[in-house]
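Here is a friendly walk through one structure. Take a look at the sequence and the model first, then read on.

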Amino acid sequence: MFTNMFAPEKVSEAVDIFLSDFPLALWETLYATVLSTLFAVLLGLPLGILLVAGEKNGVLPLPSWVLKTLNVVINILRSIPFLILMILVIPVTRALVGTSIGTMASVVPLSIAAFPFIARLVESSLRELNPNIIETAQSMGASPLQIIFKVMIPESVPSLISNFTIAITTILGYTAMSGIIGGGGLGKIAINYGYYRYKYLVMMVAVILLVVIVQVFQAVGTYLAVKLDKRIKTRRHHQ
Amino acid sequence: MIELRHLSKSFKTADATVDALKDINLTIHSGDIYGIIGMSGAGKSTLVRCINMLEVPTEGDVIIDGVNVGELDTKALRDLRRGVTMIFQGFNLLMQRNCLDNIIFPLELAHVDKETARKRALELLEIVGLPDKAQAYPSQLSGGQQQRIAIARALATDPKVLLCDEATSALDPKTTHQILELIRDINRRLSITVIVITHQMSVVEEICNRVAILDDGTVAEEGTVSEVFASPKSEAAKRLVYPDSAESTPAAREGERTLRVVFNGSAVTTSPLIAQMAMDEHIAANILYASTRTIGDGVYGNMLLGFPDDDEIVARATKYLTAGTGIVVMETRPEEQENRKEKGE
Ligand SMILES: Nc1ncnc2c1ncn2[C@@H]1O[C@H](COP(=O)(O)OP(=O)(O)OP(=O)(O)O)[C@@H](O)[C@H]1O
Ligand SMILES: [Mg+2]
C-alpha cells in the first residue's frame, strides 16, 4: 500500500494539502496541547501538593478520609482509557464549551485526563525533597503555607519542570488521539487523509511534525530544568 | 534560662515503644555554652528537638525564660522559634536560593520588610566571614562555608538561644575548630545561649562551660566541663573520657597539678611533643594517662599530664602545648575549676 507513496502526483497533492491544511492543524494541536496542559496543571498542581502536605506527617495534615478519597478518584480517572473518557465527558464538554466537536471542545477531556496524571507527577517531585529542609523551616517558625510556597515548591522547581515536560509531551499524544473523535489538529489530518482516504504521505508528514514538536518540547524542558537547577555545581555564578 | 523538668519522650513504632528520654531534669543558664554529649542513640537529638517543640514531649515541661513552651499555641510557638534557632549536621540550606536569600529566608517568614532584611543579611555575612558569597549558591560552597551560612541564617532573627545538633560532625578537624571558634565568638559578642549536641568529647572540651552526659535517655552526669572530665563519676562519662580503659581513673600524685591535653586532629605526634617540651622548656611531664590515635595525618584523643605544683611551670606548659593547632589544654585540679571559667578559658 505504500508502494507508490512518492509518485509525483501524490507528492504534489501532499504539498497542496500541506500548504492548505497544515498551518491551521499545527496551530490547533499546539493550542489544544498548551491550553490542556495549563488547565491540567492548574488542577493537578494543588492536588499533588495536597497529596504530600495533607499526609499524617505532612505540613498540613488532612482528615484521612479526604486523602483516601482523593487517591481513589485520581486512580479511577487515570485508569479510564482516554478514548472512553472522551465519550464519557461529552455532557461536561457540552456544558462548558457548548459543543463536543472541535479543538476547543477537545481541551475539556484532555484536561480531565491529564490533571490526575499531573497530580501524581507533582506528588513524586515533592516527595524527592529532603525532609530535613522542611523541618528546618519549621524550626524557624514557618507556617504550613509558607513551607508549601517558600520551600516545597521553589525547591522542587527543576524536578517539576522535568515532570511537566513529560506531561506536555504525553498530552500532545492525546491531542492527536482526540482527532479521531471530533478534535482538530494534526491528529485529525492524519486520520482523515491517511486512514480514510489512503493519502499516506500526508499522514507521514503529520506524524513527523508531531515527532518534531515532541523533540522541541523535550529539549526546551530539559534545558530549563538544568538551567534553573542551582544544585548543579558546574554552573558557576557570574558576578 | 532554659529549664527541662521531668522531660520524657517515647516513640511508638509498629512493634515497640522506644523511651528516647526518661525524666530529664536540666537547667541551662543564659550565656552558657552547654554541651550535651552521648553515644549514638542516647537521645541527644530528641532532647534538643524537644526544646523548640519540633518533638512534642510525652511528659514534662520545657521552660524558656519562664515561658512554658509546651503550653504555647501554634502562633506563639512560631514566634518563640524565631528566638530559639537551630543549626544541623547537614546544614539544610535551601539549595535553590543563593546565600543572601537563605539568610533572608527567616526574616521573610517573619514578614520583615525587604530592605531591612537585606541589610541584616549582609551584616550577618560579614559576621560569619563570607561577605563575598552573597550571590553564590550553597552547592558552590564547602561544608564549612555552608555551615557558616546556616549560622548566619540562624542568627537573622536575633535569637537568644542557638541549638546546634551535631553542627560540626560533617566537617574536618580544622573546619570544626573554625566553626567552634565562630560559635564561641557569637556566644560572647551577641550573648546568645548555645546548646551544643555532639558525640565528640573534643567539641565539648573546646567550647563548652557545662556539660550533661546523656546515656540511654537519662542524664548520667552533669556539671562544669572540667569537673566532669577531670573526675568522671558515671560509667557513661568514664567511657567518654577514657574511651580505652573505662575503669582506670588516673590518680595524680600528692601535690601534683594535672593538665588534660586534647588532640583534635593536631599535626604533631604525641610523644615527641612531650619530649620536645622537656628539651625546649625543661619541663618534665608525668604522663598519667594517654589515649591517642592517629587518623589520617592528625592525632586524636587525650592525655593527662602531671606537673609539679608550680603556677609558673603549669602556665608555661599550657602555653607551650596550646601552641599546636588542634590541641586544647585544660587544668583539671578541682579547686581551679571556677577560676578557669571566670578567666574565660
Ligand atoms: N521518630 C522516631 N520514631 C521512633 N524512634 C525514634 C524516633 N526518633 C528517635 N527515635 C529513637 O530514639 C532514640 C534516640 O534517638 P536520637 O536521634 O535522639 O539519638 P541521638 O543521641 O541523637 O543519636 P545520634 O548520635 O546517632 O544522632 C533512638 O533509639 C531512636 O531510634
Ligand atoms: Mg542525633
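Are H7(A) and H9(A) roughly parallel or roughly antiparallel to each other?

## Basis of the model

This is a predicted model, in which local features need pLDDT of at least 70, side-chain atom pairs count only at pLDDT 80 or more, and totals for chains, interfaces and linings use all residues. Residues are numbered from 1 along each chain as written, chains are lettered from A in the order written, and side-chain values use heavy atoms, without hydrogens or water.

## Two helices in chain A

In chain A, the axes (lines fitted to C-alpha atoms over the stretch in contact, with angles from 0 to 180 degrees between N-to-C directions) of helix H7, residues 144-178, and helix H9, residues 200-228, come within 8 Å and cross at roughly 170 degrees. H7(A) and H9(A) are therefore roughly antiparallel, a term for angles over 145 degrees. Helices here are DSSP runs of H or I with at least four residues, and strands are E runs of at least two, numbered from the N terminus.

Contact means heavy atoms within 4.5 Å. Among the residues that meet are A:Ile161, A:Ile168 and A:Leu172 from H7(A), and A:Ile213, A:Phe217 and A:Leu224 from H9(A). The contact of H7(A) with H9(A) involves 13 nonpolar residues, five polar and no charged; Ala, Val, Leu, Ile, Met, Phe, Trp, Tyr, Cys and Pro count as nonpolar, Asp, Glu, Lys and Arg as charged, and the others, Gly among them, as polar.

Chain B has 12 helices and 14 strands. Of its 345 residues, 55% are buried, meaning under 20% relative accessible area with a 1.4 Å probe, protein chains only.

Where the chains meet, 28 residues of chain A contact 25 of chain B.

Technical notes:
Angles under 35 degrees count as roughly parallel, over 145 as roughly antiparallel, 65 to 115 as roughly perpendicular and the rest as oblique. Buried means under 20% relative accessible area, exposed over 50%, partly exposed in between (1.4 Å probe, protein chains only).
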